[in-house]
Protein chains: 2
Amino acid sequence: MREYIIGVDLGGTSIKFGKFDLDGMLIEKWSIRTNKNDNGDFIIREIGNSIKEHVEVSKILGIGFGVPGPVKNNVVLHCVNIGWGRKDIELEMHYILNDDQIVIKVANDANAAAAGEMYKGVAQGYKSLVMFTLGTGVGGGLIIDGKLIEGVHGAGGELGHIVVDTQHKFKCNCGKRGCLETVASATGIVRLAKHYLSTSKEPTPLRKFFNFSAKKVIDFAKDGDPFCVKVIDESMAYLAMELSAICLSVDPEIVVIGGGISNAGEFIIEKLEKHFLEDIYPFILESNIKLASLGNDAGIYGCAYLIK
Amino acid sequence: MREYIIGVDLGGTSIKFGKFDLDGMLIEKWSIRTNKNDNGDFIIREIGNSIKEHVEVSKILGIGFGVPGPVKNNVVLHCVNIGWGRKDIELEMHYILNDDQIVIKVANDANAAAAGEMYKGVAQGYKSLVMFTLGTGVGGGLIIDGKLIEGVHGAGGELGHIVVDTQHKFKCNCGKRGCLETVASATGIVRLAKHYLSTSKEPTPLRKFFNFSAKKVIDFAKDGDPFCVKVIDESMAYLAMELSAICLSVDPEIVVIGGGISNAGEFIIEKLEKHFLEDIYPFILESNIKLASLGNDAGIYGCAYLIK
């Protein structure tokens, strides 16, 4: 009897596993370190071994993978930060588990997180959504009619690398300038704050620190420091501009904000919503922006959804 | 025997009709004037009468409508420029034709045009596309997996009213500032040109004219006038910025450019493509931007597709 679904959220530092029943109830979760030696050549075998230690292979209906790179037709195109080029996980897993009846599905990790929030998180009951994961970088996921938008080049939901800032044009890791990630990620908020610290003389408690985190900027903003309020407001204005472009294109039912920055809670949502409502007027007159609810588990839930 | 499909493209000035066989072959087309009296109250009856004059009602399988406003679940939400509020075309057509077996489908006109290009135009064979209609205004249509993206508020494909210009911030008809329509429509190109005529002293043959069309600007640009080249280049840079946002969100197979401006041909596509490839780097390394091929018939073809 095939009675379990496994979700595998493959990150640059750790690999998170979830063992689910067929209704998507999480039974057990665990994680292992990501072994990046030899361009990540050991990763799939180590995933297979870890699954075998936790679950009887003959009871697995399917395994869903979330990977930090573009995916097209179930094949990983590349995952730069773990060293992979093109990779057919399905083929390798069938070989390692010695069972080609197990369904293997692969998706981009940010798309999987969006699916997770739709499956068992804040977006439960909705069929179309856009999700931003505001962490060190900015991840994105897009779902329409219950289906993950993978895109013809696997670039569906690459929301962190849409150019939104034509003023500062900060350099992005991707090689371009002005991507959303440069102004709306945790590092982006710090970058914006440092920019204004050096280009203005406005007083702010932030000046006492040589280095600081995005959380520090948000905390001072919550306390009402005008300098930090302006930084957060500008950051959220960029996010709103991009979000409105997406909403006037595909007009999804719900917008989900996750990642470290979302821990700032409703404060962030209110700032975002104000600009967003201006940008979508008069074609959409309401907003439905919610904080993600599954935290770091969104990925494994989304991977389970792939098998559902 | 139900052997015909009727496409009805409802515009502010005229209503275009197409009579198609079940394979989508256009058999006959005609048009009538749009009667805007009494808030467009006569329009549906006049459409019904015109159809009855051209086709035997009992032979009609279905009628597809493209309307200049948002549509949700087959109901028109509003069409400002013909005076309609909420309108259930299906109900009224069944009554007027005295036949409730006829399938009635309604879509936004720009979405319908995109469907037309996919059904019988330049995007034939593709299942996901984005189309911009660059005319007096900017219309947009988005199709994913063969389905028109209507959106939860009927705002899917409202591509003309995404804010892209944070520099000039020209006022848009919609009430916002800096929408794509203010800089990339025919009127937008003229607006940009007039702006630079008044803010620079750069020589250009355009200065000989008190009033001029977008075509004039494009023609001078094609002849190599540096001033006009810059205007067209800036206009296409805005379009590219928005297009890249859409492509890094849904990553469609093909991009179609239609409307009056598209008559400028490959000259426009080359300008657009240059900026577009920069904006989507390194997530998408190729572009597939094509000129629309059905001209003013895209709408009726798309309406027929709705019934298919």
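# Close-up views

**A:P282 lies in the loop between α9 (266–280) and β12 of chain A.** Helices here are DSSP runs of H or I with at least four residues, strands are runs of E with at least two, and both are numbered from the N terminus. The model is predicted, so to speak only of well-scored parts, local features need pLDDT of at least 70 and side-chain atom pairs count only at pLDDT 80 or more, while totals for chains, interfaces and linings use all residues. Residues are numbered from 1 along each chain as its sequence is written, chains are lettered from A and ligands numbered from 1 in the order in which they are written, and side-chain values use heavy atoms, leaving out hydrogens and water. The bond to look for joins A:Y281 and A:P282: this peptide is cis, with omega about -10°. In chain B, the peptide bond from B:Y281 to B:P282 is cis as well, with omega near -10°, and B:P282 sits in the loop between α9 and β12 (289–291) of chain B. Most residues other than glycine have a negative phi, and most peptide bonds are trans.

**Two asparagines of chain A, A:N74 and A:N98, have a positive phi.** For A:N74, phi is about 70°, and the residue is found in the loop between β5 (71–72) and β6 (75–76) of chain A. A:N74 counts as buried, at 15% relative accessibility; buried means under 20% relative accessible area, exposed means over 50% and partly exposed lies in between, with a 1.4 Å probe and protein chains only. A:N98 has a phi near 55° and belongs to the loop between α3 (89–97) and β7 (103–108) of chain A. At 71% relative accessibility, A:N98 counts as exposed.

**A salt bridge joins A:E202 to A:K230, with N to O at 2.7 Å.** Because A:E202 lies in the loop between α6 (186–199) and α7 (214–222) of chain A and A:K230 in helix α8 (residues 226–247) of chain A, the pair ties together parts 28 residues apart in sequence. A:E202 is partly exposed, at 24% relative accessibility. In chain B, take a look at B:K230 and B:E202, whose closest N and O atoms are 2.7 Å apart in a salt bridge. Here B:K230 is partly exposed at 48% relative accessibility, and B:E202 is partly exposed at 23%.

**B:K274 and B:D233 also meet in a salt bridge, at 3.8 Å from N to O.** B:K274 lies in helix α9 (residues 266–280) of chain B and B:D233 in helix α8 of chain B, so this pair ties together parts that are 41 residues apart in sequence. With a relative accessible area of 44%, B:K274 is partly exposed.

**An open sheet of 5 strands in chain A has the order β10-β9-β8-β11-β12, with mixed pairing.** Its edge strands, β10 (147–148) and β12 (289–291) of chain A, each pair on one side only. Strands count as paired if DSSP finds at least two bridges between them. Strand β11 (residues 254–258) of chain A and β12(A) run parallel and are joined by 3 bridges; A:V256 has A:K290 as its bridge partner in β12(A). Helix α8(A) packs on the sheet, where it touches β8, β9, β11 and β12 of chain A, and its direction makes about 155° with that of β8(A). Contact means heavy atoms within 4.5 Å; axes are lines fitted to C-alpha atoms, for helices over the stretch in contact, and angles between N-to-C directions run from 0 to 180 degrees.

**Strand β1 (residues 4–10) of chain B is mostly covered, with 7 of its 7 residues buried.** B:Y4, B:I6, B:V8 and B:L10 point one way from β1(B), and B:I5, B:G7 and B:D9 point the other way. A hairpin through 3 residues joins β1(B) to β2(B), and β1(B) pairs with strand β2 (residues 14–21) of chain B in the antiparallel sense over 7 bridges. In this pairing, B:L10 stands opposite B:I15. With strand β4 (residues 60–67) of chain B, β1(B) runs parallel and is joined by 6 bridges; there B:I6 faces B:I63.

Note on methods:
Salt bridge = Lys/Arg side-chain N within 4 Å of Asp/Glu carboxyl O.
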